[in-house]
Amino acid sequence: MRTNSFFLKGPVVCSDIGLLKRTSTEKAVQLKLDPSHSFLLCLGADSCVEMWRVRSEEEKEKLRKKRARKLQKRLKRTGDEEGQAGNEEITLSVLDELPAVLAHTFKTKLRSFDVVSKPNGELLLLMALQNNSLELYTLPPSSQPPSLSHTLSLVAQGHRSDVRTVCFSSDDSCVLSASSNLVKIWSRETQQCTHTMPSGYALSSIFVPGDRHALIGTKTGELQLFDIAAGTQLETVSAHQGAVWSISMAPDKRGFVTGSADHEVKFWEFELVSDEGGQSKKRLSVAHTKTMKMSDDVLGVKYSPDQRLLAVALLDSTVKVFFADSLKFFLSLYGHKLPVLSMDISSDSTLLVTSSADKNIKIWGLDYGDCHKSIFAHDDSIMCIQFVPKTHLVFSGSKDKTIKCWDVDNFEHVLTLEGHQAEVWCLAVSNDGDSLVTGSHDFSLRLWERTREPLILSEQREIEREAQFEAALAEGGEPVIPGESSSQEVQMAGKKTMETMKAAERIMEAVEVFREEKEKRDVHLEECKAAGKQLPPPLPAPIIAALGNPEPERYVLDVVKKVHSSELEESLLVMPFAYVADLLRLLSAWLQDLLHVVDTLRAHSSSQVDALRDVCGFNLAGLQHLQRQLDEAGIKVFGDASEHLKRIRNRKKKRVEVLI
């Protein structure tokens with residue numbers, strides 16, 4: 001495309017000048033010009049960046065003159081000195097105006113890029129990679145052939161892959177987050193990463209008492225112990241034969257329990273051991289004390305805060321509750337249709353809440369194991385759930401990208417937190433209950449702080465209902481009112497959709513324009529009467545002036561006529577009553593014009609019908625007279641030919657018999 005100026009005032013006219021062939025066969029993801037409008041860059045889905053140089057007007061003029069001189073020389077050699085080279089303008093193709101500079105394919109997946117040009121002509125390309133990092137490349141103006149050179153890599157503080165586990169320290173000053181290959185420690189106050197340590201694929205994590213060490217469980221069944229101050233890994237323990245899905249700290253802080261996919265629940269204690277280098281210096285370690293074998297994969301373990309009970313979630317969609325001291329069986333909680341992915345116990349050790357892949361949250365009483373309530377909480381699997389300390393409020397995170405807060409005493413939805421762009425894998429609530437940290441498939445951590453503003457549940461419900469109603473209209477349906485059936489035998493031919501809502505808004509806007517024009521007209525008439533002469537008419541509304549100054553009544557009629565007949569009834573039904581009165585007055589005026597047309601048609605059609613009746617009667621009488629004359633003469637116009645045909649057949653039959 002070509003425009004006359006980049007800063008052209010008024011409408012910009014674009015014209016097609018040709019097709020620019022790309023070397024990449026994948027679709028184009030991003031197209032960008034550098035600030036000086038000298039280079040055009042295109043990013044493909046295969047991470048290929050292609051660059052073309054935009055020639056200036058002076059360069060294009062020089063190229064035209066050069067082409068013209070070459071053409072004249074060629075015509076002279078052929079003997080055509082009277083050539084038409086000087087009479088015809090040399091046209092440049094798109095390849096002439098945009099010569100290719102380079103095509104560079106990156107090894108890593110690119111999300112987007114930006115380009116900046118320096119005064120010396122050097123180009124700087126900033127690439128945003130799929131692994132959440134930035135890379136800077138330069139293109140020197142004198143490089144032959146042109147090639148990109150890597151200058152530096154800006155690695156963000158965040159993770160390069162999914163954040164699978166998060167937890168707060170005991171004083172809530174630090175946050176631990178872990179992904180497939182990194183463990184990071186963050187300062188809650190400054191929100192900066194203080195330590196980054198390589199690790200295995202982490203699935204669960206805790207801070208060791210004292211907050212100087214951290215412990216994670218990996219996908220390969222190992223327990224990895226880290227020294228936070230030194231930023232090093234102290235020890236790796238082969239704890240299980242399967243993935244360590246859950247770690248729960250004992251309330252007495254002396255040990256912890258782990259649950260794994262190898263059907264085992266193992267109990268561990270912290271101990272101090274001597275280093276190999278010397279006997280005087282000791283470091284922290286863990287020791288295995290006992291093992292409890294389960295019937296299926298263990299997806300979660302949780303101590304009650306009073307350390308009386310231990311809850312174990314299994315792959316068979318049940319939760320087994322044992323006494324923590326003797327490990328005797330106490331309760332079996334069943335009701336989920338799919339496995340329980342996360343669970344937590346309230347601070348008073350009376351309630352246990354479970355979240356499952358069946359999108360439900362269940363609240364259980366730990367006295368008798370009864371299910372207090374089952375709540376359909378999310379639109380996808382619920383991956384994590386946790387109580388707010390010293391309350392019966394619960395936060396849940398799901399694959400539907402949302403975090404929700406629930407009051408499990410009143411079984412009410414409190415609020416919804418939106419912000420993640422992908423599945424929410426994990427969450428952690430601070431010990432003071434003022435902060436919430438969440439990790440997601442979008443490689444990000446989000447820190448949520450509790451505000452002091454009062455939360456009114458009725459307003460939240462109203463906002464949610466409006467959002468659901470708009471979403472239903474956008475999908476082309478209408479939410480069903482509770483207690484009414486959505487499949488009735490008799491329904492309206494049309495239904496309320498976003499198109500009907502927009503049509504109603506257009507009609508209401510037209511009625512408002514009619515009101516304003518009518519008010520202007522009335523004021524103008526009063527001013528003319530007061531002045532005793534005809535004054536200049538007021539300026540019409542811009543929309544009416546743009547349509548050629550039709551009458552306001554005609555303008556409203558044109559707007560109504562543009563609404564589809566199948567949507568007109570629903571559009572009129574959703575309009576407020578204040579607009580209906582004006583529409584009825586306009587309808588009366590429209591009908592008056594229509595009645596005049598009908599009366600004219602009636603007057604003309606009556607005479608035409610009488611004349612046609614006379615012609616038809618005359619023709620019918622003439623045909624009847626001809627019929628009577630034919631009957632008197634014995635002429636039959638239509639006779640019965642069956643007897644005549646039978647006689648002919650009998651003659652042929654006798655003739656055949658004679659020949660035989």
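Student: Where is the place of T236?
Tutor: T236 lies in strand β16, residues 232-238; a strand is a DSSP run of E with at least two residues, numbered from the N terminus. This is a predicted model, in which local features need pLDDT of at least 70, side-chain atom pairs count only at pLDDT 80 or more, and totals for chains, interfaces and linings use all residues. Residues are numbered from 1 along each chain as its sequence is written, and side-chain values use heavy atoms, with hydrogens and water left out.

Student: Which residues does T236 touch, not counting those up to four places away in sequence?
Tutor: T236 touches E222, L223 and Q224, where contact means heavy atoms within 4.5 Å.

Student: How many Å apart in space are T236 and C405?
Tutor: They are 37 Å apart, C-alpha to C-alpha, and 169 residues apart in sequence.

Student: Why is T236 called partly exposed?
Tutor: Because its relative accessible area is 36%; buried means under 20%, exposed over 50%, and partly exposed in between (1.4 Å probe, protein chains only).

Student: New topic: where is R77 found?
Tutor: R77 is found in helix α1, residues 57-77; a helix is a DSSP run of H or I with at least four residues.

Student: Is R77 buried or exposed?
Tutor: R77 is exposed, with a relative accessible area of 66%.

Student: And where is E516 found?
Tutor: E516 belongs to helix α4, residues 498-531. E516 has a relative accessible area of 45%, so E516 counts as partly exposed.
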